[in-house]
Amino acid sequence: MKLYHFPISPNSRRVVAVLHHLNLECELHPLDLMQREQMQPEFLNLNPNHMIPTLVDGDFVLWESNAIMQYLCSKAPNNTLFPVNPRIQADIARWQFWQTGHFGSACGTFIFEHLIKKMRNLGEADAVELLKGAEKFRRFADVLEQHLKGRDWLVGDTVTLADFSVGSFLDLATMAKYPMDGYVEIPRWYSAIEQLPAWQSSAPKNFM
Ligand SMILES: N[C@@H](CCC(=O)N[C@@H](CS)C(=O)NCC(=O)O)C(=O)O
């Protein structure tokens, strides 16, 4: 298998963490998004959205990080990240969709305004966008905070794909200045993710 990725992207990192957690063999092929390497014709043939992560497994090409994570679990029977149980899988998928549709896009405003603009010399952060972003962030972070009360992990009593998917965006919380004040459960839960060997070994090297 071969994974096209960009190490600092949370969408990439969570896939790499799953590869490490499951001990799966996979060649990691970084694409430098700052150099627009995702626009190369060979890559566009694999993913016309020009987005990483993208997995190639023989003649099967898969994009969308959460789909890739689920697919990787099918390669490791009896894994506990995505156990073969319809309700548990639906619960995990619920958080993965929630991350993509809501929480990740709320974090995305801060990543764009505070990190990407800096990396690409696109000017100062826009105060109006940050205000709108903070409202959206709090709406969904409040749901996460509430859910985590009395729980170690998002689904059941062990780490699952849900934690890697939702947690992946928190690695940029300080650098991208998410409005984290007042939250207690979210940092507690994320620090448990940070202790996982697979999360540690998936960390981007030499970033900013
Ligand atoms: N929903 C997608 C999002 C992937 C995504 O947003 N990738 C970004 C980097 S974080 C990307 O490749 N951007 C390059 C581009 O849009 O040209 C997933 O979960 O895989």
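Colleague: How many salt bridges does a search of the whole structure find?

Modeller: Keep in mind that this is a predicted model. The search finds eight salt bridges.

Colleague: Which residue forms a salt bridge with K75?

Modeller: D57 does, with the closest N and O atoms 2.6 Å apart. Look at where the partners sit. K75 is in the loop between α3 and α4, while D57 is in strand β3. They are 18 residues apart, and the pair links distant parts of the chain.

Colleague: Is D57 buried or exposed?

Modeller: Under 20% relative accessible area counts as buried. D57 has 18%, so D57 is buried. K75 is partly exposed, at 35%.

Colleague: How far apart are the closest N and O atoms of E113 and K117?

Modeller: They are 2.8 Å apart, in a salt bridge. Both residues lie in helix α4, four residues apart, so about one helical turn separates them. E113 is buried at 7% relative accessible area. K117 is buried too, at 10%.

Colleague: What does R188 pair with in a salt bridge?

Modeller: One partner is D152, at 3.9 Å from N to O. The cut-off is 4 Å, so this pair counts. D152 lies in the loop between α5 and α6, and R188 in helix α7, 36 residues apart. D152 is exposed, with 53% relative accessible area. R188 is partly exposed, at 33%. Shared partners join D152, E185 and R188 into one network.

Colleague: Now the domains. Where does the chain divide?

Modeller: Domain 1 covers 2–74 and domain 2 covers 86–201. Their centres, taken over C-alpha atoms, are 20 Å apart. Domain 1 puts 15 residues into the contact, and domain 2 puts in 19.

Colleague: How do I read the area buried between domain 1 and domain 2?

Modeller: Take the total, then the atoms behind it. The total is about 1,600 Å², and carbon and sulfur atoms give 61% of that area.

Colleague: Which helix gives the most to the side of domain 1 that touches domain 2?

Modeller: α1 does, with eight residues. By type, the residues on that side of domain 1 are seven nonpolar, five polar and three charged.

Key:
Residues are numbered from 1 along each chain as its sequence is written. This is a predicted model: local features need pLDDT of at least 70, side-chain atom pairs count only at pLDDT 80 or more; totals for chains, interfaces and linings use all residues. Side-chain values use heavy atoms; hydrogens and water are left out. Domain bounds come from an automatic or database domain assignment. Contact means heavy atoms within 4.5 Å. Buried area is the accessible area (1.4 Å probe) that two parts lose on being put together, summed over both. Helices (H or I, at least four residues) and strands (E, at least two) are DSSP runs, numbered from the N terminus. Ala, Val, Leu, Ile, Met, Phe, Trp, Tyr, Cys and Pro count as nonpolar, Asp, Glu, Lys and Arg as charged, and the others, Gly among them, as polar. A salt bridge is a side-chain nitrogen of Lys or Arg within 4 Å of a carboxyl oxygen of Asp or Glu. Buried means under 20% relative accessible area, exposed over 50%, partly exposed in between (1.4 Å probe, protein chains only).
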